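Visitor: I am new to this structure and would like to learn how to read it; could you take me through it slowly?

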Amino acid sequence: MLDFLDNWSLPKKLWAAFSIINLMIAAVGINGYLATRELNAIAQTHVEKGIGGMSALVDVISDVKELRIVVYSYYNAASAEDAAKLNERLAKGEAALDKSIEVFAGVADPAFDSDIALLRRNAQTLKEVNKRTFDLRTRGDFPGAMAMIKKEGKDASHDTIEQTEKLISTLRDSTAAKAKDGDAAAEQATFLAIALAGISMTGIVFIWLLINRSVAAPMTRIAHVTTSLAEGGHVDVPYRERGDEIGEIAEAVEQFRVAAQARAEIDARNAQEQEVVTTTLRASLQAISEG
């Protein structure tokens, strides 16, 4: 099936063998690169969207609780100076709440868009309730301010926190699912690496067997044939039909064998003729000596 290799030159065989080995090494390297890139992407997504998003949502809950504290503090403000500081603190708290929501929106998947929109609406409602509460307290309507704190303010804060906790739960499930995807990707990469390593080792052994069959074993056999011919043996020279360097060497050895055989035949004839001459001369001399 692989007899065509016998007609390839040795450089071509070596080029083909090392090309195949390079391809196998490249396949292992590419698999490692792609696997590493995929796992890095999953890890980066986990950090940015999982941990980063979770941190932003926790900040949202903290910001809502901070606003509740500010509202209660403003209700109990003892002086105009305290009220001014609490107004400033309220503005900073609302800005922090908006920032935390936008930080989460910036790292969240598009699947969270509707939930984020609801969270923004709840946060906006909370800010409006807080503003009305501050207005009532500023006008001196303590009963109205307290009623709004306990009812509308509580409901708005509860809705915002509940929506945030829902997002945390959804994000946790999404992160867990992506972690499973990461495990599956790592397992697949490991399997491919082992498979490619096995294929590469098998391929290297196969290439060695081919080189041994096509080059090493024929060279060993021709060396034995050459030694036998040099010692005067009579053997047939194999591989003369090949079109590679082995065939050229075999053809040269065949020519050496033919030439050696021809010289042996000539030497044999010369020895036979010399024997005839020697026998005739001996007989003549014997006849002369006998008179």
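**Overall form and salt bridges**

Guide: With the radius of gyration taken over C-alpha atoms, and a globule rule of 2.2 Å times the number of residues to the power 0.38, a compact globule of 291 residues would come near 19 Å, whereas this chain has 48 Å. The C-alpha trace spans about 175 × 35 × 20 Å along its principal axes. Please keep in mind that this is a predicted model, in which local features need pLDDT of at least 70 and side-chain atom pairs count only at pLDDT 80 or more, while totals for chains, interfaces and linings use all residues. Residues are numbered from 1 along each chain as its sequence is written, and side-chain values use heavy atoms, with hydrogens and water left out.

Visitor: How many helices and strands does the chain have?

Guide: Helices (H or I, at least four residues) and strands (E, at least two) are DSSP runs, numbered from the N terminus; here there are five helices and zero strands. Helix 3, with 26 residues, reaches 37 Å from its first C-alpha to its last, close to the 38 Å expected at 1.5 Å a residue, where the expected span is 1.5 Å times one less than the number of residues. After helix 3 comes Gly 140, whose phi is positive, near 90°.

Visitor: How many salt bridges are there, and what is the general idea behind them?

Guide: Side chains of opposite charge can pair when their charged atoms come close. The rule asks for a side-chain nitrogen of Lys or Arg within 4 Å of a carboxyl oxygen of Asp or Glu, and by it the count is eleven. One of them joins Glu 88 and Lys 92, at 3.5 Å from N to O; these two are four residues apart in helix 2 (residues 80-107), and so are separated by about one helical turn.

Visitor: Which parts does the salt bridge between Asp 115 and Lys 166 tie together?

Guide: The side chains of Asp 115 and Lys 166 meet at 3.8 Å, N to O. Asp 115 lies in helix 3 (residues 113-138) and Lys 166 in helix 4 (residues 142-230), so this pair ties together parts that are 51 residues apart in sequence.

Visitor: Are Asp 244 and Arg 242, which also form a salt bridge, buried or exposed?

Guide: Buried means under 20% relative accessible area, exposed over 50%, and partly exposed in between (1.4 Å probe, protein chains only). Asp 244 is buried at 1%, and Arg 242 is buried at 8%; their closest N and O atoms are 2.5 Å apart. Lys 92, by contrast, is exposed at 55%.
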